[in-house]
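User: Hello! I am new to this structure and would like to learn how to read it, one feature at a time. Could you show me?

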Amino acid sequence: MKQESEYTYNEPTTAEIYSRQYVLKNIFLYIACAYAVYLCLTSVIWRSLSNKKKISFEKSKEMCLTKNMEQVDESINKEPTIAEPYKREYIMKNIIFFIYSYIGGLYGLYLGFTSATWGTIIFTLISYFLTILGLTAGAHRLFSHKSFKATKPLQVFLMLCHSLAYQRTLVTWVRDHRLHHKFSDTDADPHNISRGFFFSHLGWLLVKNHPEMVKRREMVDMSDVYGNEVVMFQKRHAQWLLPLFGIIIPTTIPWVLGDNFSNSWHLNIFRYMVTSNLTFLTNSLLHSWGYKPYDKTVSACQNLPLIVMTMGEGFHNYHHAFPWDYRTGELGNNSLNYITKVIDGFEKVGLAFDLKTASEGVVEERKRRTGDGKDLWGRENKEVRLRSKL
Ligand SMILES: [Zn+2]
Ligand SMILES: [Zn+2]
């Protein structure tokens, strides 16, 4: 006679499965709500401390506007470049923020494959493109490098796209980026690659600034930024403008269009996670792995996968050689440099003008003089090799 096992496995009922999924979904929702409360609280605390920040901001604005930049450049050359002693101090607020962004972002990816509506997925892709546009065409090529000029409506549009990125204000972004170009690979470089891959990727945002960076940032010319009313509007209203465009609007739109709150919230966190990490990869990966067709003496290099994902920002060795070129790449109008194509489109409709480019002759000369003998895509360029030997 067949004996029944002592330990029988009972298939969970449909109601039990649904209740487990319900609990799992709600855990993430509770974390999301707790995180939103945490953001509000830190914003209030920040506001109560803003008097102190305001004084230092006004002071640095005054310094930048009144300093003769030639004298500043002289003082940079004369001062010793030995780094001051550095004591690592963690910023807990940022550590919690980024840990959550990875957990919430990965859960958003899971929801994207399992339960998000097509409307939410398409909206996430559109907001991804607008974020990249705000970061690359706006914060980077327009406001940091002044590689082209833009009409006021285009400046406002790019400032709002940058707010969508939720990567601090344009003033901070531009100042840090100018420091990066001026003092690349030194302690004054905010994401100095010589302090390691992780530091240049994310670590620099988790610890207090190096004293050398604090000292040198007063020497960066920010007069154009402080004189730009669009950028200053974002700076003055950052407390509500950044959460509104970075969190509230991109979460509310798919929610209003019919998806549930959890999908809308977590796919927006996923968008933030991807776009912020693409920016970070430009600081880490593009300063450690790739080829250097234009200047082999710098750490900046080029990398094909990043060229594709950042829609044209991956030509980083070219960009460090010619930072004022609006294309940030030699063949700026090729099919992988979408942001350049978009800027060209802005020019055609009269929104962008005075687009700066390096001439073919200047680029060739630079390649011959300081390049590593590779071509734009990292292939061996025999012609350049032969000419550099002559
Ligand atoms: Zn760089
Ligand atoms: Zn740059």
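This is a predicted model: local features need pLDDT of at least 70, side-chain atom pairs count only at pLDDT 80 or more; totals for chains, interfaces and linings use all residues.

User: Is D354 buried or exposed, then?

Analyst: D354 has 11 other C-beta atoms within 10 Å, so it is exposed. You will find D354 in the loop between β2 (352-353) and α17 (360-370).

User: And what is the phi of D354?

Analyst: Here is the general idea: most residues other than glycine have a negative phi. The phi of D354, however, is positive, near 50°. R168 is also a residue other than glycine with a positive phi, in this case near 60°. R168 sits in the loop between α6 and α7, and because 14 other C-beta atoms lie within 10 Å, R168 is partly exposed.

User: Now the inside. Which residues touch the most other members of the largest nonpolar core?

Analyst: In general, nonpolar side chains of soluble globular proteins tend to be buried together. In this structure the largest nonpolar core has 49 residues, and those touching the most other members are F143, L158, L170, V174, V231 and I343. Elements that give two or more residues to this core include α4 (92-114), α5 (118-144), α6 (152-165) and α16 (338-348). With 8 residues, α5 gives the most. Domain 1 (20-78 + 87-286) and domain 2 (289-390) each supply at least three residues to this core.

User: What is L158 in contact with, leaving aside its neighbours within four places in sequence?

Analyst: Those contacts of L158 are G134, A137, G138, L142 and A150.

User: How do I read a pair of helices? At what angle do the axes of α4 and α13 cross?

Analyst: Look at how close the axes come and at the angle between them. The axes of α4 and α13 come within 7 Å and cross at roughly 120°, which means that α4 is oblique to α13. The crossing of these two helices, α4 and α13, is left-handed.

User: Which residues make the contact between α4 and α13?

Analyst: From α4, they include S101, Y102, G104, G105 and Y107. From α13, you can look for S262, N263, H266 and L267, among others.

Notes:
Residues are numbered from 1 along each chain as its sequence is written. Chains are lettered from A and ligands numbered from 1 in the order in which they are written. A nonpolar core is a set of buried Ala, Val, Leu, Ile, Met, Phe, Trp, Tyr and Cys residues joined through C-beta atoms within 7 Å. A residue is buried if 20 or more other C-beta atoms lie within 10 Å of its own, exposed if 12 or fewer, and partly exposed in between; C-beta atoms are placed from the backbone. Helices (H or I, at least four residues) and strands (E, at least two) are DSSP runs, numbered from the N terminus. Domain bounds come from an automatic or database domain assignment. Two residues are in contact if their C-beta atoms, placed from the backbone, lie within 7 Å. Axes are lines fitted to C-alpha atoms, for helices over the stretch in contact, and angles run from 0 to 180 degrees between N-to-C directions. Angles under 35 degrees count as roughly parallel, over 145 as roughly antiparallel, 65 to 115 as roughly perpendicular and the rest as oblique. A crossing is left-handed if the near helix is turned anticlockwise from the far one by less than a right angle, and right-handed if clockwise.
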